[in-house]
Amino acid sequence: MNAVLRSTLSAARRRPERISAATWLACAALTLVALGISLPHDGADTGDNRVGAGRTCRSALPADQELSCGTYGFGDLRYVCPVPDAPRRCSKTTQVRIRNTGPSTVYVTVIHGPREGERLQGPEREIAPGHTAGLRPGQGDLLFDLTLRGAGPLKTLTVVSVR
């Protein structure tokens, strides 16, 4: 009888460890899902990662930190493609018109270059709330990225058009 009681007690002692490990795994999974849901998402994102009218880039980073809109909302700005699966009919992006749809002034920088691997940074442009600006790469360059920073708590740019 003592042997049965001892094995039952030792099994009961081991079970909380298993439950604890399973609980930790479940908590970690739920945390990752919650983080994925709570991060800013582009409502117009169709999954093809191409910039287009209506796309939005948002940042709640401190004023001294820049957000790369090419990574977090605008997608790849190098080409304007009429159809996602037709890369041979894509033309270089010559201009992206953006509107500051947020409550605070934003500062935008264009990252461009003549070919992949060569990147130049254009001058920083100030865009007041409600104002629109046309951003262009250098003559004949590819438009790689836009960076966004600002002093307010929330910075938001919306793409008006892409040419």
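Visitor: What share of the contacts in the chain with a separation of 6 or more comes from residues 24 or more positions apart?
Guide: Those residues account for 72% of them. Contact here means heavy atoms within 4.5 Å. Keep in mind that this is a predicted model, where local features need pLDDT of at least 70 and side-chain atom pairs count only at pLDDT 80 or more, while totals for chains, interfaces and linings use all residues. Residues are numbered from 1 along each chain as its sequence is written, and side-chain values use heavy atoms, with hydrogens and water left out.

Visitor: OK, and how many helices and strands are there in the chain?
Guide: There are 1 helix and 11 strands. Helices (H or I, at least four residues) and strands (E, at least two) are DSSP runs, numbered from the N terminus.

Visitor: What pattern do they follow along the sequence?
Guide: It goes α-β-β-β-β-β-β-β-β-β-β-β.

Visitor: How much of the chain counts as buried?
Guide: 33% of its 163 residues do. Buried means under 20% relative accessible area, exposed means over 50%, and partly exposed is in between (1.4 Å probe, protein chains only).

Visitor: And what does the accessible surface of the chain come to?
Guide: About 10300 Å², and 58% of that belongs to carbon and sulfur atoms. The areas come from the Shrake-Rupley method with a 1.4 Å probe, and for residues only the protein chains shown count as cover.

Visitor: Let's go inside. Which residues touch the most other members in the largest nonpolar core?
Guide: Phe74, Leu77, Ile98, Val108, Leu146, Leu148 and Leu157, out of 19 residues in that core. Two or more core residues come from each of β5 (96-100), β6 (106-113), β9 (132-135), β10 (142-150) and β11. A nonpolar core is a set of buried Ala, Val, Leu, Ile, Met, Phe, Trp, Tyr and Cys residues joined through side-chain atoms within 4.5 Å. In soluble globular proteins, nonpolar side chains tend to be buried together.

Visitor: Pick Ile98. What is Ile98 in contact with?
Guide: Skipping neighbours within four places in sequence, its partners include Phe74, Val108, Leu135, Leu157 and Val159.

Visitor: What about Val110, which strand is that in?
Guide: Val110 sits in β6. Val110 counts as buried because its relative accessibility is 8%. If you leave out residues up to four places away in sequence, Val110 touches several others, among them Leu120, Gln121, Leu135, Leu143 and Leu146. From Val110 to Gln121, the C-alpha atoms are 6.0 Å apart in space and the residues 11 apart in sequence.

Visitor: New topic! How many disulfides does the structure hold?
Guide: It holds 1, joining Cys57 to Cys69 with the sulfurs 2.4 Å apart. A disulfide is called when a pair of cysteine sulfur atoms lies within 2.5 Å.

Visitor: Which parts does that pair tie together?
Guide: Cys57 is in strand β1 and Cys69 is in the loop between β2 (67-68) and β3 (79-80), so the pair ties together parts 12 residues apart in sequence.

Visitor: Is the disulfide left-handed or right-handed, and why?
Guide: Left-handed, because the torsion about the S-S bond is about -75°.

Visitor: Are those cysteines buried or exposed?
Guide: Cys57 counts as buried at 0% relative accessibility, and Cys69 is buried at 0% too.

Visitor: Which residues does Thr156 touch?
Guide: Apart from residues up to four places away in sequence, Thr156 touches Cys57 and Arg58, among others. Thr156 lies in β11, residues 155-162, and is buried with a relative accessible area of 7%. Thr156 and Pro103 are 53 residues apart in sequence, yet 8.0 Å apart in space, C-alpha to C-alpha.

Visitor: Which ring does the charged end of Arg149 sit over?
Guide: The ring of Tyr107, 4.7 Å from its centre. Arg119 also lies over a ring, the face of Phe144, at 4.1 Å from the ring centre. A charge sits over a ring if NZ of Lys or CZ of Arg is within 6 Å of the ring centre and within 35 degrees of the ring normal.
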